[in-house]
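Please look at the sequence and the model before reading the answers.

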Amino acid sequence: MKLHFYIARRFLFAFLTMLFVLGMIFVLLDMVESMRKFDTAAVGFQNILGLTLLNAPVWMYRILPLIVILSTLWMFLSLSRSSEMVVTRAAGRSALSTLVSPALTVFIFGIIAVAVGNPIAAATSKKYERIAAQYEGTGGSVLSISTNGVWLRQGNEDGQTVIRATRSDLEGTELTGVTFYSFAPDGPPTERIDATSARLVPGQWELTNAKVWDLDNSDNPETEAQAFPIYVVPSNLTQDQIRDSFGKPSSISIWDMPSFIRQLEAAGFSARSHRVWFQMELAMPVFLVAMVLIGAGFTMRHTRFGRTGVMVLMALMMGFGAYFIRNFAQILGENGQIPIILAAWVPPLAAIMMPMGILLHLEDG
């Protein structure tokens with residue numbers, strides 16, 4: 001038991017050190033990129049630093065597999081150079097029993113990262129995108145999903161228009177049960193339009209069975225309301241703007257993802273990419289364990305055997321290969337070419353089987 005705690009402590013030290021080092025490197029690189037992207041004179045160095053710190057949790061969460069495999073390589077290489085692995089094997093400890101403590105440590109950390117780190121990264125990501133959109137003058141997202149349906153907004157120098165619909169097609173360009181609320185530049189409402197459906201074509205919305213209330217120039221809007229079989233509302237929205245406004249699944253907390261998926265499907269949109277992301281987040285602890293086994297499979301040997309650099313390179317190549325296959329499976333799952341469970345869970349399980357085979361062959365074979 002003491003040996004397990006000792007190895008777990010060594011792994012945790014290597015992990016936290018690698019996390020700190022890569023975190024500092026990321027902050028410096030991202031700060032340089034932000035200074036290039038935004039006007040420093042207009043935005044200010046403090047705001048750029050704040051944006052960099054907001055973006056840091058997202059990238060640190062994304063590179064957790066890299067941090068884990070580098071930490072594993074560092075720990076086992078240091079144990080091999082100090083001959084501690086030789087002493088451990090001489091004491092009757094097998095390679096697999098030695099891996100129990102680091103694998104269990106990273107599995108527990110993976111659960112904590114998904115349960116706590118994921119919501120933090122999602123919150124900071126949304127705030128970063130909102131502030132960055134303000135600095136860039138792009139206005140941010142034009143679409144949101146709620147229990148009341150789909151909400152869109154469009155605007156120009158003449159005012160803003162808020163659009164609510166009960167349902168939408170997959171692209172967000174054909175709406176059902178739609179209501180338009182128009183507002184003047186200084187804030188007061190000017191017009192309301194209810195329609196059975198609305199379809200976005202270049203430069204305008206085409207409304208079917210529309211009823212229009214003039215809220216600005218009428219003393220009694222209801223008595224003066226007009227009905228039109230076809231009504232046109234100018235629009236500067238495009239299909240690409242609406243599609244981009246869905247945002248990335250990574251910007252939604254894992255705790256909010258099930259309800260968001262239900263709202264998305266109730267509004268008529270496809271939630272397959274969000275379902276794939278949700279399952280992949282649940283499989284993250286298993287994938288981190290795979291990174292530990294991959295790193296250990298090539299470095300649990302004494303350095304006097306030589307070819308240490310080659311073994312480290314092979315471990316990194318296998319780790320990057322597993323990461324690539326995982327992302328490739330995610331794309332196939334999002335496109336509907338393979339089942340969601342298969343896309344999320346098979347790559348980490350396969351990544352565990354490969355180093356386990358290497359360990360059983362080289363160490364205990």
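Axes here are lines fitted to C-alpha atoms, for helices over the stretch in contact, and angles run from 0 to 180 degrees between N-to-C directions. Helices (H or I, at least four residues) and strands (E, at least two) are DSSP runs, numbered from the N terminus. This is a predicted model, in which local features need pLDDT of at least 70 and side-chain atom pairs count only at pLDDT 80 or more, while totals for chains, interfaces and linings use all residues. Residues are numbered from 1 along each chain as its sequence is written, and side-chain values use heavy atoms, with hydrogens and water left out.

Q: Are helix 4 and helix 12 roughly parallel or roughly antiparallel to each other?
A: The axes of helix 4 (residues 64-81) and helix 12 (residues 308-334) come within 11 Å and cross at roughly 160°. Angles under 35 degrees count as roughly parallel, over 145 as roughly antiparallel, 65 to 115 as roughly perpendicular and the rest as oblique. Helix 4 and helix 12 are therefore roughly antiparallel.

Q: How many charged residues are in the contact of helix 4 with helix 12?
A: Contact means heavy atoms within 4.5 Å, and on the helix 4 side Pro65, Leu66, Ile69, Leu70, Leu73 and Leu77 meet residues of helix 12 that include Val312, Leu316 and Phe320. Ala, Val, Leu, Ile, Met, Phe, Trp, Tyr, Cys and Pro count as nonpolar, Asp, Glu, Lys and Arg as charged, and the others, Gly among them, as polar. By these classes the contact of helix 4 with helix 12 has 11 nonpolar residues, two polar and, as for charged ones, none.

Q: How is helix 4 oriented relative to helix 11, parallel or antiparallel?
A: The axes of helix 4 and helix 11 (residues 284-299) come within 8 Å and cross at roughly 30°. That angle makes the orientation of helix 4 to helix 11 roughly parallel.

Q: How many charged residues does the contact of helix 10 with helix 12 have?
A: The axes of helix 10 (residues 272-282) and helix 12 come within 8 Å and cross at roughly 145°. Arg272, Ser273, Val276, Trp277 and Met280 of helix 10 make the contact with Arg326, Gln330, Gly333 and Glu334 of helix 12. By class, three of these residues are nonpolar, three are polar, and the number of charged ones is three.

Q: Which helix supplies the largest share of the lining of the largest cavity?
A: On a 1 Å grid over the protein atoms alone, a cavity is a set of points where a 1.4 Å probe fits but cannot get out, and lining residues have an atom within 4 Å of a point. Val58, Tyr61, Arg62, Asn118, Ala121, Ala122, Ser125, Ser250 and Trp277 line the largest cavity. Helix 3 (45-62) and helix 7 (100-136) each supply at least two residues of this lining. The largest share, four residues, comes from helix 7.

Definitions and conventions: 1 Å grid on protein atoms, 1.4 Å probe; cavity = no way out; pocket = protein on both sides within 12 Å on 5 of 7 lines; lining within 4 Å.
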